[in-house]
Amino acid sequence: MVRAIVGANWGDEGKGKITDMLAKESDIIVRFQGGSNAGHTIINDYGKFALHLLPSGVFYRHTTSIIGNGVALNIPYLLKEIKELEEKGVPTPKILVSDRAQVLMPYHVDFDTYEEARLAGKSFGSTRSGIAPFYSDKYAKIGIQVNELFDRDILRERVKKICTLKNVMLEHLYHQPLLAEDELMDLLAEYRDMIAPYVCDVSAYLYDAVKANKNILLEGQLGSLKDPDHGIYPMVTSSSTLASYGAIGAGIPPYEIKNITVVVKAYSSAVGAGAFTSEIFGDEADELRRRGGDGGEFGATTGRPRRMGWFDAVATRYGCRVQGATEVALTVLDVLGYLDEIPICVGYEIDGQATGDFPSAAKLAKAKPIWKTMPGWKCEIRGIKKYEELPEACRHYVESIEKEIGVPITMVSNGPKRDDIIMR
Ligand code: GDP
């Protein structure tokens, strides 16, 4: 059975924890998009980890962790993450990297940095991990696939093309040092030797695994609203964050994805610029940020404070719809226990008109939140294992959200640890 775990919001929904938990019953966990630009925070018996490139299944001995073809593969970064696991005593995981994944190069990071600097105040708030230049090159057909690292002639020709194009930009737009063909060829030879032990025809491997009825988890990064097509363009990421892209980014038939577990936050947070209708500010935001997640809502990759907001039913309903959610895991519910009343955004007002439909970008910029206030439960709910044992106001909150989004909430996460979970 193939199951996707993806986010319905702006990312940081707690997908890492849910994946880590569900990985226990899985044979294979696949990353299918994105790169090292976002992180998953996982707390388990080995300690606390911020994984960026490795799938969240690497902590189990029985699982195979796969970097699919859709991922932006930063080779030195991957090796660094593997080494960190070993240093913290995690048994060496079985890792496979698709021979069709493309290689994220240092010049992608440089271009990301130069462009953010050039845009200055109008920047996208990129994490400067090279993701946008990487995917631009992939679709401009000047990327480098892992299998090509093993063919010097193909590489030489590609590198020539890359240098011609990039050097024009470096010289005339950014006024930065130029790329040199020979240096790139040397670097690519190093990358080849580093990645060689992991390279695999992943699509063929997964084809056999599906036939053998293995349990496969597709692990998404970020969330629906960061999808380049269905998200808040242009304040989005550069690869699709949707479960359906899992078929492409892993190389499996779309109809094999039977279960789409969408992770939803009980309040909202976002990083980077862009519309965020239910955003809150000042002391109200500071308090939620400080109490949020596990030790505060700060980026797993950048440490940047996340923008905070209350639960947004309009965005989340839409986020679940574009993912094709079959079930929802509601996370960070425990965080809200300090509030007397909890606002949720149940509609948008655009040009004086109320709507429950998530609008496209131009209209979204004008949306104002319509609030409804829910009673708080004013107590600690961590440690509770049974849904019926949650305070009535808390169940009411969960059920109201369920009604708003129209998808069954089958899991409620009430703490950062693996076993802080209530199955419904
Ligand atoms: P991801 O990228 O979607 O995996 O999300 P992050 O890992 O960036 O953010 C989730 C944060 O919330 C992490 O610090 C988790 O340890 C923490 N977390 C996950 N689920 C819960 C929960 O139910 N309650 C609390 N308090 N923290 C949680």
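**Salt bridges, pair by pair**

A: Happy to! The count comes to 23 salt bridges, in what is a predicted model. Let's visit some of them.

Start with Arg156 and Glu181, which form a salt bridge with their closest N and O atoms 3.4 Å apart. Arg156 belongs to helix 5 (residues 152–174) and Glu181 to helix 6 (residues 181–195), so this pair ties together parts that are 25 residues apart in sequence. Arg156 is partly exposed, at a relative accessible area of 30%, and Glu181 is partly exposed too, at 25%.

Next, have a look at helix 9 (residues 282–291), where Glu287 and Arg291 sit four residues apart, a separation of about one helical turn. These two form a salt bridge, and 2.9 Å lies between the closest N and O atoms. Glu287 has a relative accessible area of 27%, which makes it partly exposed; Arg291 is likewise partly exposed, with 38%.

Now move along to Glu402 and Arg424, whose side chains meet in a salt bridge at 3.1 Å, N to O. Glu402 lies in helix 12 (residues 392–405), while Arg424 is in the segment after strand 20 (421–423), so the pair ties together parts that are 22 residues apart in sequence. With a relative accessibility of 40%, Arg424 counts as partly exposed.

Finally, there is a group to find: a network of salt bridges links Asp12, Lys265, Glu297 and Arg306.

Notes: Residues numbered from 1 in each chain as written. Predicted model: local features only at pLDDT ≥ 70, side-chain atom pairs only at ≥ 80, totals over all residues. Heavy atoms only, no water. Salt bridge = Lys/Arg side-chain N within 4 Å of Asp/Glu carboxyl O. Helix = DSSP H or I, 4+ residues; strand = E, 2+ residues; numbered from the N terminus. Buried < 20%, exposed > 50% of the residue type's maximum accessible area, 1.4 Å probe, protein only.
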